[in-house]
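Visitor: Hello! Could you walk me through this structure, one question at a time?

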Amino acid sequence: MAVHLNKGRVGTDVCGPVTERLRLKGRVAMVTGGSRGIGAAMARGLAEAGAEVVIVSRQGAEEGEAIAEELRGIGAKNSFALLADVTKRATLDAAVDETVNRLGKLDIMVANAGIGIDVNAEDMTEDQWDRLMDVNLKGVFFSAQAAARHMIPRGRGNIIVTSSLSAFVANGNPQACYNASKAGVNMLVRCLAYEWARHDIRVNAIAPGYIMTDILGPYLEEFPEEAHGYMIRPAAMNRIGTPDELAGAAVFLASDASSYMTGQCMVIDGGYSLTPLENRLL
Ligand code: NAP
């Protein structure tokens, strides 16, 4: 992106109506954890805005391919799905290489894959800690790194990370490790944004509150009252969100409409983080 000084006003070559700047026509995106839930909704949003999208998941080959087929159906004709485990650095590099070989480049990396493990802090095993941190923190770092190795020589790129409301609040669950992983992700976003700004690579995060995905569905059905107590009641909007409600933020962050924004975390939580602490206690 060229920066110009025009009659005392600093500007860039990003211009035109904001509705145009939101368009992602011609861009190539990769979404880790794109085979379902939040990642699939973000992938749909990026494709609707015009991007070709590569769906990455670890084991759900059919799930991933079904989403890719859906994206091809809405116009992202070169979209495809790949299996890669974000805890394995070499497989991430291979996924980026395959994307560049097939689609010519990678403009947008959405490092979204994440897992949760609910266990009281005093009972958490070393294996559980390592498994969670490997996906949620190491996986995000190496997804960003694999993308940046391709983006740095091009002198442009955009990285979006899925953080969580739980990076900011002790969310009422036995999730110390998960919450720490997401707080770590937020600091990674700030550091990577700072390091890579000179290469015109922006790095931002989206921090969702409780969102209806496969992670939450069964729990809501099995323990409706308890789930209502800590997922719904504390949110000022008095409901949980849907994955679709995050897609607009992903498109905004991926697009030139957010061209001066980097190192930030957008909290999208129905007002959960506005709520007085006592309303969050079970
Ligand atoms: P989900 O429905 O369980 O989907 C998780 C996705 O990540 C799947 O595509 C899964 O595919 C993939 N994945 C898991 N481990 C992987 C690995 N090692 N390598 C590659 N892909 C992997 O979860 P979700 O609710 O959409 O969550 C997505 C992100 O949002 C996570 O980072 C989560 O922490 C965050 N988040 C969720 C909520 C919420 O309320 N749902 C709130 C805040 C933040 P495979 O099963 O095939 O591996």
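Guide: Gladly! Keep in mind that this is a predicted model.

Visitor: How much space lies in the largest pocket?

Guide: Rolling a probe the size of a water molecule over the atoms shows where empty space is left. For the largest pocket, that space comes to about 1,200 Å³.

Visitor: Which residues of the lining are the closest to the centre of the largest pocket?

Guide: The lining has 48 residues. By class, 18 of them are nonpolar, 21 polar and nine charged. The closest to the centre are Ala113, Gly114, Ile115, Gly116 and Ile215.

Visitor: Where does the ligand sit?

Guide: Start with the shell of 30 residues around the ligand, where Ser35, Ile38, Asn112, Tyr178 and Thr213 come nearest. Two helices, α2 (37-48) and α6 (176-196), each supply at least two residues of this shell. Both α2 and α6 also give two or more residues to the lining of the largest pocket. The ligand itself sits in the largest pocket.

Visitor: Which class has 14 residues in the shell around the ligand?

Guide: Let us go through the classes. Twelve residues of the shell are nonpolar and four are charged. The class with 14 residues is polar.

Visitor: What share of the ligand's exposed area does the protein bury?

Guide: An oxygen atom of the ligand is 2.8 Å from a polar backbone atom of Asn112, and an N or O atom in the side chain of Lys182 lies 2.9 Å from a ligand oxygen. Taken alone, the ligand exposes 890 Å². Of that area, the protein buries 96%.

Key:
Residues are numbered from 1 along each chain as its sequence is written. This is a predicted model: local features need pLDDT of at least 70, side-chain atom pairs count only at pLDDT 80 or more; totals for chains, interfaces and linings use all residues. Side-chain values use heavy atoms; hydrogens and water are left out. A residue is near a molecule or strand if one of its heavy atoms lies within 4 Å of it. A polar contact is a pair of N or O atoms within 3.5 Å; within protein, one must be able to donate a hydrogen and the other to accept it, and residues adjacent in sequence count only if both atoms are side-chain atoms. Accessible areas come from the Shrake-Rupley method with a 1.4 Å probe; for residues, only the protein chains shown count as cover. On a 1 Å grid over the protein atoms alone, a cavity is a set of points where a 1.4 Å probe fits but cannot get out, and a pocket is an open set with protein on both sides within 12 Å along at least five of seven lines; lining residues have an atom within 4 Å of a point. A molecule sits in a cavity or pocket if more than half of its atoms lie within 2 Å of its grid points. Helices (H or I, at least four residues) and strands (E, at least two) are DSSP runs, numbered from the N terminus. Ala, Val, Leu, Ile, Met, Phe, Trp, Tyr, Cys and Pro count as nonpolar, Asp, Glu, Lys and Arg as charged, and the others, Gly among them, as polar. Grid points are joined across faces, edges and corners, and a volume is the space filled by probe spheres set on the points.
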